[in-house]
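Please keep the sequence and the model at hand while reading.

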Amino acid sequence: MSKVNLGFQVIPKSPEHNTYEIVDKAINVVQQSGVKYEVGPMETVMEGELDELIEIVKRAQDACIEGGATEVMTYVKIHYRPHKGVTIDEKIEKYR
């Protein structure tokens, strides 16, 4: 399968814990994964093989629960181009 971009946003619900600290745990999962990624103010975008990226999202959700969330809503966007693949750089390099 070709390289895709996957953007995701976790929204943890926790009456007792700081939401930003819980989201940081999800971002840590991405950082430790070894895939190329960009953290933005509303979502994190990763680049790689779709199956691997979906697994990272699952682990990020689990990290939110382990961090004190009682539930997590996750929004996922995927940009897929079958023959050429998709890169983060092609989209934002001109803005750097």
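How many salt bridges does the structure hold? In this predicted model, the structure holds 8 salt bridges, and the sections below take up several of them, together with the elements in which their partners lie.

## Overall architecture

The protein contains 3 helices and 4 strands, and along the sequence these elements follow the pattern β-α-β-β-α-β-α. The radius of gyration is 14 Å, close to the 12 Å that the globule rule gives for 96 residues, so the protein is as compact as a globular protein of that length. Taken along the principal axes, the C-alpha atoms fill a box of roughly 45 × 30 × 20 Å.

Of the 96 residues, 32% count as buried. Among contacts with a separation of 6 or more, 72% come from residues 24 or more positions apart. The protein exposes about 6200 Å², and carbon and sulfur atoms supply 51% of that area.

Lys-36 and Asp-89 form a salt bridge in which the closest N and O atoms are 2.8 Å apart. This pair links distant parts of the chain, since Lys-36 belongs to strand β2 (residues 36-39) and Asp-89 to helix α3 (residues 88-92), 53 residues apart. How accessible are the two partners, Lys-36 and Asp-89? Lys-36 has a relative accessible area of 35% and is therefore partly exposed, while Asp-89, at 26% relative accessibility, also counts as partly exposed.

Asp-89 takes part in a further salt bridge, with Arg-96, where the closest N and O atoms are 3.7 Å apart. Arg-96 counts as exposed, because its relative accessibility is 58% and the class begins over 50%. Through salt bridges that share partners, Lys-36, Glu-38, Asp-89 and Arg-96 are joined into one network.

## The pair Arg-81 and Glu-90

Another salt bridge brings together the side chains of Arg-81 and Glu-90, with an N to O distance of 2.8 Å. Arg-81 is partly exposed, with a relative accessible area of 24%, and Glu-90 is likewise partly exposed, with a relative accessible area of 41%.

## A nonpolar surface patch

Which residues make the nonpolar surface patch of about 280 Å²? The patch is made by Ile-11, Met-73 and Tyr-75. Tyr-75 is found in strand β4 (residues 71-79), and at 45% relative accessibility Tyr-75 counts as partly exposed.

Conventions. Residues numbered from 1 in each chain as written. Predicted model: local features only at pLDDT ≥ 70, side-chain atom pairs only at ≥ 80, totals over all residues. Heavy atoms only, no water. Salt bridge = Lys/Arg side-chain N within 4 Å of Asp/Glu carboxyl O. Helix = DSSP H or I, 4+ residues; strand = E, 2+ residues; numbered from the N terminus. Buried < 20%, exposed > 50% of the residue type's maximum accessible area, 1.4 Å probe, protein only. Patch = residues over 30% accessible without salt bridge, like charges linked within 9 Å, V, L, I, M, F, W, Y side chains within 5 Å. Areas by Shrake-Rupley, 256 points an atom, 1.4 Å probe, with all protein chains shown as cover. Rg over C-alpha atoms; globule rule 2.2 N^0.38 Å. Contact = heavy atoms within 4.5 Å.
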